Amino acid sequence: MRERAIEEKKQVVEEITDKVKKAQGVVLVDYRGLNVEEVTQLRRKYKEAGVEYKVYKNTLMRFAFKNAGYEEFNQFLTGPNAIAFGFDDPVQAAKITHEFAKQNDKLEIKAGIVDGKIIGVDEIKNLANLPSKEVLIAQALAGLNGPIAGFANVLQGTIRSLVYVLNAVKEKQEGAEA
């Protein structure tokens, strides 16, 4: 019986380790004080965005973070914790958590990991305030489009000038022939 429990715990530690390694963004929160309805609301927001939200025992998370190479993250594992894993977007978990925490002061953001770096509460808030990935891509494309449009206008002006010159030469030759 005891061996089976130990084996189950090892599997959970492996699961957490795997998620921490695969996630582009991780956010650790203290959910104390949230009622069932609020937690359900938060879970729904995470799920809609493709973010996984789980509650694990701190002891198991300590082993997992150590295995994943983030042993210094263990300093944040005190009290009741939940963890959000963003696999597709490094910012999504931070955005949802920050927005929810602004409306529910009982949710406390503790720390996070983004692109392999442990970050604090202030950095999570800064991340959350960034425009979405789609908006950033659109802004970058608009920035790239400006010089291209300018270059096209220059070329168009050059071609137009060439046509005027050729037309003038043609008219001059026609006038000389007459």
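Reader: What share of the 178 residues in the protein is made up of buried residues, and what makes a residue count as buried?
Author: In this predicted model, buried residues make up 33% of the 178 residues, where buried means a relative accessible area under 20%. The protein that they belong to has 6 helices and 5 strands, which follow one another along the sequence in the pattern α-β-α-β-α-β-α-β-β-α-α.

Reader: Why is M61 called buried?
Author: The relative accessibility of M61 is 0%, and the cut-off for buried is under 20%, so M61 counts as buried. M61 has its place in helix α3, and, leaving aside neighbours within four places in sequence, M61 is in contact with I16, L28, Y56, N74, L77, N81 and I83.

Reader: How far apart are M61 and F73 in sequence and in space?
Author: M61 and F73 are separated by 12 residues in sequence, and their C-alpha atoms lie 9.7 Å apart in space.

Reader: How do you know that the buried residues of α1 line one face of the helix?
Author: The buried residues of α1 are V13, I16, T17, K19 and V20. Seen down the axis of α1, these buried residues fall within an arc of 165°, and therefore they line one face of the helix. As a general point, an α-helix has 3.6 residues a turn, so residues three or four places apart point the same way. Turned away from the buried side of α1 is a face that carries the exposed residues E3, R4, E14, K21 and K22, exposed being over 50% relative accessible area. Among the elements that cover the buried residues of α1 are β2 (51-54), α3 (58-67), β3 (82-86) and β4 (108-114).

Reader: What makes the span of α1 close to the expected one?
Author: Helix α1, residues 2-22, has 21 residues and reaches 30 Å from its first C-alpha to its last, and this is close to the 30 Å expected at 1.5 Å a residue.

Reader: Why are α4 and α5 called roughly perpendicular to each other?
Author: Helix α4 (residues 92-103) and helix α5 (residues 121-128) pack at an angle of about 100°, with their axes 8 Å apart. Angles of 65 to 115 degrees count as roughly perpendicular, and α4 and α5 are therefore described in that way.

Reader: Which residues of α4 and α5 meet, and how many of them are nonpolar?
Author: From α4, the residues A94, K95 and H98 meet I124, K125, L127 and A128 of α5. Sorted by class, this contact has 4 nonpolar, 1 polar and 2 charged residues.

How values were computed:
Residues numbered from 1 in each chain as written. Predicted model: local features only at pLDDT ≥ 70, side-chain atom pairs only at ≥ 80, totals over all residues. Heavy atoms only, no water. Helix = DSSP H or I, 4+ residues; strand = E, 2+ residues; numbered from the N terminus. Expected span 1.5 Å × (residues − 1). Buried < 20%, exposed > 50% of the residue type's maximum accessible area, 1.4 Å probe, protein only. Arc of directions from axis to C-beta. Contact = heavy atoms within 4.5 Å. Axes fitted to C-alpha atoms, helices over the stretch in contact; angles between N-to-C directions. Parallel < 35°, antiparallel > 145°, perpendicular 65-115°, else oblique. Nonpolar A, V, L, I, M, F, W, Y, C, P; charged D, E, K, R; others polar.
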